[in-house]
Each structure stands twice: as C-alpha cells, then as structure tokens.
Amino acid sequence: MDKESIAELLESKHQILIDVLSSQDDEKWQQGPEGKWTSGQQALHLLQSIKPLNDALSLPKFIIKYRFGTANRAVRDYAIVVNRYQERLQESKGIVYGPSKNMKVPLLKDKNYILNRLQVENKKLQYKTRKLSDKHLDTLILPHPLMGKMPLREIIMWTAYHVEHHTKQLQENY
C-alpha cells in the first residue's frame with residue numbers, strides 16, 4: 001500500500017471512530033459491557049498506542065536503525081498484517097500490554113480532550129507517513145508488543161486497522 005493510501009486509510013478509520021464515540025451516550029464513556037473496557041478506555045488505549053509510534057517516528061532515522069535494526073524480509077500487504085494481528089490476538093487470549101494493562105476509566109470531563117488528542121496524533125501520523133521515504137518505510141523497523149518487529153509501513157497500516165478493530169467492538173457491544 002503506498003503512503004498516500006495509508007494516510008487516507010488512517011484518516012477514514014479515525015473519523016469513523018470519532019463519529020462513533022461522539023454520538024454515543026455519555027454513560028458509555030465510563031461504563032462498558034461486563035468484563036470489557038469502557039468507551040473511554042477504548043479511546044485512551046488507542047491514544048496510548050499511537051502516541052509512542054509518533055514519538056518513535058520523530059527520532060532521527062539513524063537512531064531507529066541503530067536501536068531496532070532493519071527489515072530482513074519484504075513488507076507484507078495490509079490484508080496479511082490484519083490476518084497476522086487477528087491470529088496473534090487469538091493466541092494471546094486477552095493479554096494486555098504496556099500502559100493499557102491497568103488502565104483507569106477516564107472521566108467524562110476528559111472525553112473531549114482524549115478525542116481531540118486522538119485526532120491530533122492521527123494528523124501527525126498522516127503527516128509523518130507522507131514525509132517518510134519509501135526506503136525508510138520499508139527497511140526501518142519498530143517493535144510491536146504483540147506482533148514483534150515490523151517495518152514502519154506495516155506498523156502504520158496496523159495502526160489504521162487497530163482503530164477499525166476497536167471501532168467495531170464499540171459498534172457491536174456498546
């Protein structure tokens with residue numbers, strides 16, 4: 001998938017998410033289905049996953065290369081990245097990584113802030129995606145807590161799917 005298509009995919013997936021969250025009843029922000037995250041926690045989790053990616057992409061490219069290495073395989077297409085993620089989710093059986101592990105329920109008063117931050121981080125990621133060279137997108141890698149090391153192009157495509165994944169959960173269960 002070319003970088004312009006990835007940026008457009010990020011925009012459309014985030015816009016659908018924001019529309020769903022904005023139109024939901026406020027009670028759902030702090031109350032979710034039994035044993036599931038609230039809508040607020042879903043939004044905060046997405047923010048917690050896109051922010052470190054943007055931070056990493058702000059590093060000089062030689063630091064990313066030095067710290068994480070370079071790809072030893074060709075970039076996978078979007079459908080394969082999605083399928084691999086779904087397989088890994090099944091294998092992990094609900095294990096949560098990083099800052100989302102013991103996440104508090106965000107307050108309703110923080111809803112607009114979190115949604116705004118999500119939109120800002122999404123715009124940053126689109127900008128960075130468009131500015132990166134195809135060589136860097138395909139050869140530089142970053143670690144993903146569930147998927148392992150991934151080329152930048154794949155981890156950015158995964159980010160778009162990650163938003164879709166959580167949006168579907170919100171639409172189906174909330």
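Guide: What follows is a close look at helix packing. Keep in mind that this is a predicted model.

Start with helix 5 and helix 8. Helix 5 covers residues 78-92, and helix 8 covers residues 152-173. Their axes come within 10 Å and cross at roughly 60°. The crossing is right-handed. On the helix 5 side, the contact is made by Tyr78, Val81, Val82, Tyr85, Gln86 and Leu89. Helix 8 contributes Glu154, Met157, Trp158, Ala160, Tyr161, His162, Glu164 and His165. By type, the residues of this contact are nine nonpolar, three polar and two charged.

Now helix 8 by itself. It has 22 residues. From first C-alpha to last, helix 8 reaches 31 Å, close to the 32 Å expected at 1.5 Å a residue. Helix 8 is mostly covered, with 17 of its 22 residues buried.

Next, zoom in on Val81, a residue of helix 5. Its relative accessibility is 2%, so Val81 counts as buried; the cut-off is under 20%. Leave aside its neighbours within four places in sequence. Val81 is then in contact with Arg76, Met147, Met150, Glu154, Met157 and Trp158. Among these, Glu154, Met157 and Trp158 also belong to the helix 8 side of the contact with helix 5.

Val81 and Ile18 are 24 Å apart in space, C-alpha to C-alpha, and 63 residues apart in sequence. Helix 1 spans residues 3-23 and helix 6 spans residues 111-131. Their axes come within 9 Å and cross at roughly 175°. Angles over 145 degrees count as roughly antiparallel, and helix 1 and helix 6 are therefore roughly antiparallel to each other.

Helix 6 has another partner, helix 3 (residues 39-57). Helix 3 and helix 6 pack at about 35°, with axes 9 Å apart. Their crossing is left-handed. Helix 3 supplies residues including Leu44, Leu47, Ile50 and Leu57. On helix 6, those involved include Ile114, Leu118, Glu121 and Lys128. The tally here is 11 nonpolar, two polar and five charged.

Key: Residues are numbered from 1 along each chain as its sequence is written. This is a predicted model: local features need pLDDT of at least 70, side-chain atom pairs count only at pLDDT 80 or more; totals for chains, interfaces and linings use all residues. Side-chain values use heavy atoms; hydrogens and water are left out. Axes are lines fitted to C-alpha atoms, for helices over the stretch in contact, and angles run from 0 to 180 degrees between N-to-C directions. Helices (H or I, at least four residues) and strands (E, at least two) are DSSP runs, numbered from the N terminus. A crossing is left-handed if the near helix is turned anticlockwise from the far one by less than a right angle, and right-handed if clockwise. Contact means heavy atoms within 4.5 Å. Ala, Val, Leu, Ile, Met, Phe, Trp, Tyr, Cys and Pro count as nonpolar, Asp, Glu, Lys and Arg as charged, and the others, Gly among them, as polar. The expected span of a helix is 1.5 Å times one less than its number of residues. Buried means under 20% relative accessible area, exposed over 50%, partly exposed in between (1.4 Å probe, protein chains only). Angles under 35 degrees count as roughly parallel, over 145 as roughly antiparallel, 65 to 115 as roughly perpendicular and the rest as oblique.
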